[in-house]
Amino acid sequence: MAENTPAKSIGVGLISVGWMGRLHSRAYNSLPLIYPELGIHPTLVQAADVAEAGRTYATDVLGYASAVADYHEVLANPEVDVVSICAPNFLHAEIGIAAAKAGKPFWIEKPVGRGASETEAVEAAADEAGVVTCIGFNYRHVPAIQRARELVLNGSLGQITNIRGRFFGGFSSNPNDPLAWRFVREYSGSGVLGDLMGHLVDLVHYVLGPIGSITATTGTYITERPALPHSPQAGTMLPVENEDYATMLVKFDDSAVAAGALGSLEASRIAVGPRSEYGIEIFGTKGSVRWEFERLNELEIALGNEGPNTGYIRAVADAYFPDFARFQPSSGTSMGYDDLKTIEAAKFLLAVTGGEATNSNIHDAVASARVLTAAEESAASGSWIDLPLVAGATANTRTLTTEGQKR
Ligand SMILES: NC(=O)c1ccc[n+]([C@@H]2O[C@H](COP(=O)([O-])OP(=O)(O)OC[C@H]3O[C@@H](n4cnc5c(N)ncnc54)[C@H](O)[C@@H]3O)[C@@H](O)[C@H]2O)c1
């Protein structure tokens, strides 16, 4: 990242003060401590939440100067320079488009839209307004993932032959949990595809390059749930409208660093046992790497296929892993999930202040959303679907090396 940027004060507006809204706020507060050389000083100006508890938390705990119920006030506030959009999924596109029209750069949680077309509508509005965007694809900032990306990019793994990724959560595994918004198409769009698979697809695009074609299948296993206790249908069972589990086979696009490679990606929200089992394995002709979210600070690396040290060696994150040393001076002292959002905040505000644009942006969100929408179509038709090439802005595509050679 750029060094010695002149000091800049940035007024922050927040829309929705739930888990992610609180985390975005902590990230803004950490940024000047972790990235002092950027000279960026976020000020928490105004938060919006329909719930009074959210507004009180914003002012009394997080330190926002004021809090309101209507998010439009945040977008109209002249002291707000950038906006974090952390609302439930069904509001993302509406708020993203409104933020773009208000000329505010925005950092928005995933999924940006309920499917590709809604995501593309946000992209069109952001492009027209020319505002910087950043997407909550936080897992791409994991130092071990950034290290894996380097190993793919510099050829240490040879030609990538195949990959395997999975994101298994158990947060919806209890059939007695009520029919919250995430199970209803109108509010959530797809199920586990938008919720977890979107993260995995973005990670794959970031580390290996654009996916070129897919075939997918999905399943819903907890087919009905109790209506929410305060809803008009309380006491009845209502249908779950989207998928609990999804799996896809992928082929990489010719433009990808992993061109020619094949792979499988799976996601579940009803897995009993896994808590947040998010992992990726990458196999190449010269080596392999594998990473697990529950062991965030480790990367297993295998280089070469002969000699006494063949097989996986566990590398614990250290100063050789991008960004790690900013958080911990000593290898073996762990970074955590919140730190990923601090990195994301730094990338967002660096781009906003005219520095290097290493942030994920709305084009990356569209690239991921198109894969997910194609997965829904493929699950319905049983066919392979060729995707139009949408590389996203930061996908790992084949480019010239500094020596001017094509990888
Ligand atoms: N990047 C990640 O790893 C990650 C992790 C969790 C959630 N998320 C995403 O973040 C988003 C928010 O999830 P969360 O877990 O923080 O939800 P949450 O339920 O904790 O918080 C949602 C908040 O939105 C508020 N809200 C509802 N309607 C509103 C409106 N009209 N205006 C303003 N506020 C409103 C609610 O009162 C609540 O405070 C979701 O889209 C989710 O997919 C991303």
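In this predicted model, glutamate 37 forms a salt bridge with arginine 326, the closest N and O atoms being 2.8 Å apart. The pair joins distant parts of the chain, 289 residues apart, since glutamate 37 sits in the loop between helix 1 and strand 2 (40-48) and arginine 326 in helix 9 (residues 324-327). Glutamate 37 is partly exposed at 21% relative accessibility, and arginine 326 is partly exposed with a relative accessible area of 31%. Glu37 and Arg326 are also linked with Asp323 in a network of salt bridges.

The count of salt bridges comes to 21, and three of the pairs are set out below.

| Pair | N to O distance |
|---|---|
| Glutamate 37 and arginine 326 | 2.8 Å |
| Arginine 147 and glutamate 150 | 2.9 Å |
| Lysine 341 and glutamate 344 | 2.8 Å |

Arginine 147 and glutamate 150 are separated by about one helical turn because they lie three residues apart in helix 6 (residues 143-153). Lysine 341 and glutamate 344 are likewise three residues apart, in helix 10 (residues 337-352), and both are buried, whereas arginine 147 is partly exposed at 21% relative accessibility and glutamate 150 is partly exposed at 33%.

Turning to the pockets, the largest has a volume of about 960 Å³ and is lined by 37 residues, with Trp19, Met20, Ala87, Trp181 and Arg182 nearest its centre. Its lining comprises 20 nonpolar, ten polar and seven charged residues, and draws at least three residues from each of domain 1 (8-138) and domain 2 (143-335 + 361-386). Helix 4 supplies the largest share of this lining, four residues. The second largest pocket has a volume of about 330 Å³, and of the 14 residues that line it, Leu179, Ala180, Val184, Tyr187 and Leu228 are the closest to its centre.

Notes:
Residues numbered from 1 in each chain as written. Predicted model: local features only at pLDDT ≥ 70, side-chain atom pairs only at ≥ 80, totals over all residues. Heavy atoms only, no water. 1 Å grid on protein atoms, 1.4 Å probe; cavity = no way out; pocket = protein on both sides within 12 Å on 5 of 7 lines; lining within 4 Å. Points joined across faces, edges and corners; volume = space filled by probe spheres on them. Helix = DSSP H or I, 4+ residues; strand = E, 2+ residues; numbered from the N terminus. Nonpolar A, V, L, I, M, F, W, Y, C, P; charged D, E, K, R; others polar. Domains from an automatic or database assignment. Salt bridge = Lys/Arg side-chain N within 4 Å of Asp/Glu carboxyl O. Buried < 20%, exposed > 50% of the residue type's maximum accessible area, 1.4 Å probe, protein only.
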